[in-house]
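Please look over the chain shown here before reading the notes below, which move from the overall fold to one helix pair and its surroundings.

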Amino acid sequence: MKRSRIEHWELGSVLTITEVADILRVHPTTIYRLVKRGELPGFKIGGCWRINRASLDKWLSGEITGHP
């Protein structure tokens, strides 16, 4: 059975704070701090922070430094 575009997008493009913390092997509080300061690009959905996987990859490679 094929997955729709939306299902595929939902599965891996947007990460939670905990998922990012696990990837980077840091405490979730560290990720909250980085996002709140604008050092790590993120956005809120219903009061919960989310990080776009592509933005995280670019941030890790030094291509972006967060929101202005």
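The briefing that follows describes a predicted model, taking the whole chain before the local detail.

**Whole chain**

- Of the 68 residues in the protein chain, 22% count as buried, while the chain exposes about 5200 Å², of which carbon and sulfur atoms supply 53%.
- Among the contacts in the protein chain with a separation of 6 or more, 46% are accounted for by residues 24 or more positions apart.

**Packing of α2 with α4**

- Helix α2, which spans residues 17-24, packs with α4 at an angle of about 35°, and the axes of the two helices lie 12 Å apart.
- The crossing in which α2 passes α4 is right-handed.
- On the α2 side the contact is formed by V20, I23 and L24, which meet R53, L56, W59 and L60 of α4; by class, this contact has 6 nonpolar residues, no polar residues and 1 charged residue.
- An α-helix has 3.6 residues a turn, so residues three or four places apart point the same way.

**The two ends of α4**

- At the start of helix α4, which covers residues 53-61, a side-chain oxygen of N52 comes to within 2.8 Å of the backbone nitrogen of A54.
- Just after α4, the backbone at G62 adopts a positive phi of about 85°.

Methods. Residues are numbered from 1 along each chain as its sequence is written. This is a predicted model: local features need pLDDT of at least 70, side-chain atom pairs count only at pLDDT 80 or more; totals for chains, interfaces and linings use all residues. Side-chain values use heavy atoms; hydrogens and water are left out. A polar contact is a pair of N or O atoms within 3.5 Å; within protein, one must be able to donate a hydrogen and the other to accept it, and residues adjacent in sequence count only if both atoms are side-chain atoms. Helices (H or I, at least four residues) and strands (E, at least two) are DSSP runs, numbered from the N terminus. Axes are lines fitted to C-alpha atoms, for helices over the stretch in contact, and angles run from 0 to 180 degrees between N-to-C directions. A crossing is left-handed if the near helix is turned anticlockwise from the far one by less than a right angle, and right-handed if clockwise. Contact means heavy atoms within 4.5 Å. Ala, Val, Leu, Ile, Met, Phe, Trp, Tyr, Cys and Pro count as nonpolar, Asp, Glu, Lys and Arg as charged, and the others, Gly among them, as polar. Buried means under 20% relative accessible area, exposed over 50%, partly exposed in between (1.4 Å probe, protein chains only). Accessible areas come from the Shrake-Rupley method with a 1.4 Å probe; for residues, only the protein chains shown count as cover.
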